[in-house]
Amino acid sequence: MSAFQTTRAFSGFSVDDIDAARSFYGDVLGLRVETNEMGFLDIQLDDGGSILIYAKPHHTPASFTILNFPVDDIDAAVDDLNGRGVATKIYDDSEFDTDPKGIMRGGPGRGPDIAWFRDPAGNVLAVMSAA
């Protein structure tokens with residue numbers, strides 16, 4: 001038996017404003033957000049996983065997608081996010097060929113349909129077709 005184990009593994013990322021992150025992830029996205037004893041945020045996912053969010057002085061937003069949300073209906077998910085005030089068209093079409101909703105349509109050799117958006121700290125998140 002190895003001392004290294006993968007059970008209860010989690011990922012984490014930084015933000016510049018923990019209160020704005022709490023509001024965005026909890027109120028806007030509707031995730032279960034708890035504040036831990038260190039003042040960091042623990043996001044509890046329905047499948048049992050968790051994500052740690054911590055404030056970092058001089059935070060620099062990640063230049064890549066830090067969190068993906070697989071969805072059954074990407075158009076409905078984007079409409080829902082847009083209705084909550086979340087902008088999904090964050091790249092211009094020269095970077096990613098997206099439709100007016102901000103969805104890059106996938107296909108053979110292109111991967112799934114995906115739409116990116118940002119949290120208040122500028123980190124990139126995405127919804128993507130689960131199928």
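**Close-up views of a predicted model**

View 1. Just after α1, G30 takes a positive phi of about 80 degrees. The model is predicted, so local features are reported only at pLDDT of at least 70 and side-chain atom pairs only at pLDDT 80 or more, whereas totals for chains, interfaces and linings use all residues. Residues are numbered from 1 along each chain as its sequence is written, and side-chain values rest on heavy atoms, with hydrogens and water left out. Helices (H or I, at least four residues) and strands (E, at least two) are DSSP runs numbered from the N terminus. Leaving aside residues up to four places away in sequence, Y25 touches F13, G30, L31, V33, I43, I53, L67, D119 and L125, where contact means heavy atoms within 4.5 Å.

**View 2. The two nonpolar cores.** A nonpolar core is a set of buried Ala, Val, Leu, Ile, Met, Phe, Trp, Tyr and Cys residues joined through side-chain atoms within 4.5 Å. The largest has 27 residues, of which Y25, L29, I53, F117, L125 and V127 touch the most other members. A second, separate core holds six residues, among them Y91, M104, W116 and V124. In soluble globular proteins, nonpolar side chains tend to be buried together.

View 3. Four strands make up an open sheet of mixed pairing, in the order β5-β8-β7-β6; strands are taken to pair if DSSP finds at least two bridges between them. Because β5 (65-71) and β6 stand at the edges with a single partner strand each, one side of each has no neighbour in the sheet. The strands β6 and β7 run antiparallel and are joined by two bridges, and the bridge partner of M104 in β7 is I114.

**View 4. Salt bridges around Asp75.** A salt bridge is a side-chain nitrogen of Lys or Arg within 4 Å of a carboxyl oxygen of Asp or Glu, and a search of the whole structure finds seven. K101 forms one with D75, the closest N and O atoms being 3.4 Å apart. This pair links distant parts of the chain, since K101 lies in the loop between α2 (74-83) and β6 (103-104) while D75 is in helix α2, 26 residues apart. At 27% relative accessibility K101 counts as partly exposed, and D75, at 25%, counts as partly exposed too. R105 also forms a salt bridge with D75, here with the closest N and O atoms 2.8 Å apart. It again joins distant parts of the chain, R105 being in the loop between β6 and β7 (114-118) and D75 in helix α2, 30 residues apart. R105 is partly exposed, at 29% relative accessibility.

View 5. The side chains of R84 and D80 meet in a salt bridge, at 3.0 Å from N to O. Both residues are partly exposed, R84 with a relative accessible area of 38% and D80 with 39%. Elsewhere, salt bridges that share partners join D75, D79, D99, K101, R105 and D113 into one network.

View 6. T98 lies in the loop between α2 and β6 and, at 9% relative accessibility, counts as buried. Its side chain makes a polar contact with the side chain of K89 at 2.5 Å; such a contact is a pair of N or O atoms within 3.5 Å, and within protein one must be able to donate a hydrogen and the other to accept it, residues adjacent in sequence counting only if both atoms are side-chain atoms. Not counting residues up to four places away in sequence, T98 touches K89, Y91, D93, I103 and M104. D47, in the loop between β3 (41-44) and β4 (50-55), is exposed, with a relative accessible area of 69%. The side chain of D47 reaches the backbone nitrogen of G49 at 3.1 Å.

Technical notes:
Buried means under 20% relative accessible area, exposed over 50%, partly exposed in between (1.4 Å probe, protein chains only).
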